[in-house]
Amino acid sequence: MFRLVAFFRGKALWLMICSLILISLSSIFDISQPVLLMWIVSAVHVISHHVVIPIELFGNEIFKLSADNAWWFFTINCILMGVIAVFSLFFGLIGFFAGSKSSLLFAQNLRNSAYKKILTYSFAELDKITNTSLITRLTNDTNQVQNSMKMIITMLIRSPIMVIGGLLVAFALQPLMGSLIICIVSLMIIVTSIIAYKCRFLYKQAQKSIDDSSNEMRENALGMRIIKTFNLQNRQSQHFNFFNRKLRDTCVKAEFWTAPIMFIIQFSLNIGIVLLLLLGGQIILNEHNLKIVTFIYGVVQIMIMVLSSSVMGIMVLALTIRTVASAKRINEIFDTECSIIDCEKPVNFNSLDYDIEFKNVTFSYTNKNTKECALSNINLKIKTGETIGIIGPTGSGKTTLINLISRLYDVTSGEVMINNVNVKKIALSELRKNISVALQEQIIFSGDIANNLKYGKSDATDDEMIEACKYSCAWDFINKLPNKLYSRVEQRGKNFSGGQKQRICLARSLIKKPRILIFDDSTSALDLLTEKKFQSNLDKFFKNITKIIVSQKISSVKNANKIIVMDNGKIIESGSHSSLMKASGFYSMIAKSQLGIN
């Protein structure tokens, strides 16, 4: 958790320092109040009983308090108490607000840095840490750490000052009493530490359960139409309740250990006062020179202040230990290194030719040489300007193959070459600048259509966006919208049909006019006429660009220069549509089934 302190920087750091100084001053002022109160009561005792009382500090007599000087001594101490109370309140409030704002800026820095780190992840890292878990870490876990940091700044610094300062004053008034207070505080700390150590594992499990519950909730929210269509409300409710009960049971176990802390501390406080009174009474009987006002209004007040501050500090420590689980989960984000990194000395890659070659490529998602490889010994050459179709059953490795070209994953063994240069030796920015991928999942972002198109090219003009929309056949429906390119897009594009979202995604891929275009089953939601028109536009306006079309439909790939047929991570057939039909193999069987050929 201490690693995260580094995110107190800039304004957050200065506010934290100011908060610590102001709260420290407020605490020091508060420590003096019991002593001043004791002296005020001593002055009242002198005035009412006409006696002489020596004022002592650290065992030394400062002066004798008598009826002659009691009134001015009483007045000065009353004024001091009032002034100190005002300063303590002022410094405490300003310090608290500064600490709160500092913790908020800290959380902002932490979230920004964590988000930037996540953006560097390759697909391999995103497979390890789920999207829901990342969201939980950036929200719930960060909030836990923020609250803990606020308590540490505003409370934990106050507690040691109050405890240490109070003990010094207690020792100054009566060393034996100070020793008793130290014993009670030490016992409280030991008991609380044991409980907190036991709870830290339970809170780690609780955060994992929050991940599971959030993931279930997210899936149900996104799949609500499916749930209602199949009338699965009761089943999904029971399924969610299972994760919810698991979270509840884990939290109950943790609370079983943490709930007694307050009662143990209160018991220790009450027992301490009883012991203090018993010990004080014995001292008064044996040492007649000890004044009752010193004992009652001095040591007892100091003890209550010290033990109360100890309670505050222990509770903050308990919260901090609970937060350790969240801090570790956040640190995992920063500790997870991207498996795909730029070459230290990338090749100056500027070529007109973008020939692609797979040389003995094998890939496994576990990145180990296992028998269950997603791709096995792939050898493939794609010439610049060719249109390549890739077809095969679900799970055959089609998407995995194309993901290796733009280094969304890195090969386990073998090489992926572009113009005889290994893609690992090309700067990622240069590589991906010249490759455009339309993925299977049709994701468009809330905002407007233009904003989504500019993900493909940030400085795109309206004319360029319209041109790309015409290529993807999206302009047919966008032109009918009231605000055209600037029409609103709701979250996840709920106000558009599947085919409309797909055409916007295709336009986003086409707008930067890359050297390599990859379509991963990205025309599945298009009707046959629209798909045919889109393919015609590709052939007409993107002649010299390499096009790789992954599809389950024969109609999408049959006009390609070369068709690759995959199964179980291997290329089992390749050739043109006519040659593969003559071969009467796997492709021919699929084509006859889809095209209705006997």
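Reader: What should I know before reading the values?

Author: This is a predicted model, in which local features need pLDDT of at least 70 and side-chain atom pairs count only at pLDDT 80 or more, while totals for chains, interfaces and linings use all residues. Residues are numbered from 1 along each chain as its sequence is written, and side-chain values use heavy atoms, with hydrogens and water left out.

Reader: How many helices and strands does the protein have?

Author: The protein has 20 helices and 14 strands. Both are DSSP runs numbered from the N terminus: helices are H or I with at least four residues, strands are E with at least two.

Reader: And how much of the protein counts as buried?

Author: Of its 598 residues, 47% count as buried. Buried means under 20% relative accessible area, exposed means over 50%, and partly exposed lies in between (1.4 Å probe, protein chains only).

Reader: What about the accessible surface?

Author: The accessible surface comes to about 30800 Å², and carbon and sulfur atoms hold 60% of that. Such areas come from the Shrake-Rupley method with a 1.4 Å probe; for residues, only the protein chains shown count as cover.

Reader: Turning to α17, what span should it have?

Author: Helix α17 covers residues 528–541, and at 1.5 Å a residue its 14 residues should span 20 Å; the end C-alpha atoms are 20 Å apart, which agrees. The expected span is 1.5 Å times one less than the number of residues.

Reader: Which residues of α17 are buried?

Author: They are T530, E531, F534, Q535, N537 and L538. Seen down the axis of α17, they fall within an arc of 155°, so they line one face of the helix. The arc is that of the directions from the helix axis to the C-beta atoms.

Reader: Why would residues three or four places apart point the same way?

Author: An α-helix has 3.6 residues a turn, so residues at that spacing point the same way.

Reader: Which residues are exposed on the other side of α17?

Author: L528, L529, K532 and K540 are exposed there.

Reader: What covers the buried residues of α17?

Author: The cover includes α14 (462–471), α16 (498–510), β11 (516–520), β12 (546–550) and α18 (554–557).

Reader: Next, how many salt bridges are there?

Author: The count comes to 10 salt bridges, each being a side-chain nitrogen of Lys or Arg within 4 Å of a carboxyl oxygen of Asp or Glu.

Reader: Which residue does K533 meet in a salt bridge?

Author: The side chain of K533 meets that of D476 at 3.7 Å, N to O. K533 lies in helix α17 and D476 in helix α15 (residues 475–478), so the pair ties together parts 57 residues apart in sequence. K533 is partly exposed at 41% relative accessible area, and D476 is partly exposed at 40%.

Reader: And what does E337 pair with?

Author: E337 meets K117 in a salt bridge of 3.5 Å, N to O. The pair links distant parts of the chain, 220 residues apart: E337 sits in the loop between α10 (292–335) and β3 (356–363), and K117 in helix α2. E337 is exposed, with a relative accessible area of 56%, whereas K117 counts as buried at 17%.

Reader: Finally, which residues form the nonpolar patch on the surface?

Author: L13, W14, I17, I21, L25 and I28 form it, with about 550 Å² of accessible area together. Patches are made of residues with over 30% relative accessible area and no salt bridge; like charges are joined within 9 Å and nonpolar side chains (Val, Leu, Ile, Met, Phe, Trp, Tyr) within 5 Å.

Key
Contact means heavy atoms within 4.5 Å.
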